[in-house]
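User: Could you take a close look at the aromatic rings here and walk me through how they pair up?

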Amino acid sequence: MVKPISPDECRKVHIPDEVIESFNELIQEKFRGKSATVLQDEVIERILSKFNHYIGRQEIFDNCWLDVEDVFEEVGWKVVYDKPGYNESYPANFEFTKK
């Protein structure tokens with residue numbers, strides 16, 4: 001018998017190892033004692049390089065591979081994603097802070 005999908009099951013996105021590796025590397029490179037700021041464009045470029053550019057930026061967004069907040073929060077980070085709003089111009093970024 002088929003059961004309805006739960007909200008928790010909807011949020012489960014398979015994030016490839018290459019994506020987690022890219023975030024891990026950049027967090028380590030940017031970590032300054034309490035936090036690390038990872039620019040969205042930097043992590044996308046790192047991900048693309050790990051896939052040897054066989055995928056494009058759109059595939060990363062289509063598959064929700066940048067939705068890493070829950071994964072990193074489970075291991076002790078507070079993660080805040082920030083992107084510019086209307087009439088703002090700064091790079092979208094992820095702020096990883098020790099809990």
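Analyst: Let's go through the ring pairs one by one. This is a predicted model, where local features need pLDDT of at least 70, side-chain atom pairs count only at pLDDT 80 or more, and totals for chains, interfaces and linings use all residues. Residues are numbered from 1 along each chain as its sequence is written, and side-chain values use heavy atoms, with hydrogens and water left out.

Searching the whole structure turns up nine aromatic pairs. Rings of Phe, Tyr and Trp (its six-membered ring) pair if their centres lie within 6.5 Å; planes under 30 degrees apart count as stacked, over 60 as edge-to-face and the rest as tilted. Take Phe23 and Phe72: their ring centres sit 5.9 Å apart with planes at 55°, so this pair is tilted. Phe23 belongs to helix α2 (residues 17-30) and Phe72 to helix α5 (residues 69-73), so the pair ties together parts 49 residues apart in sequence. Helices here are DSSP runs of H or I, at least four residues, and strands are runs of E, at least two, numbered from the N terminus.

Phe23 is buried at 0%, and Phe72 is buried at 5%.

Now for Trp77 and Phe96: with centres 6.1 Å apart and planes at 85°, they are edge-to-face. Trp77 is in strand β2 (residues 77-82) and Phe96 in strand β3 (residues 93-98), so this pair ties together parts 19 residues apart in sequence. Trp77 is buried at 17%, and Phe96 is buried at 0%.

Terms used. Buried means under 20% relative accessible area, exposed over 50%, partly exposed in between (1.4 Å probe, protein chains only).
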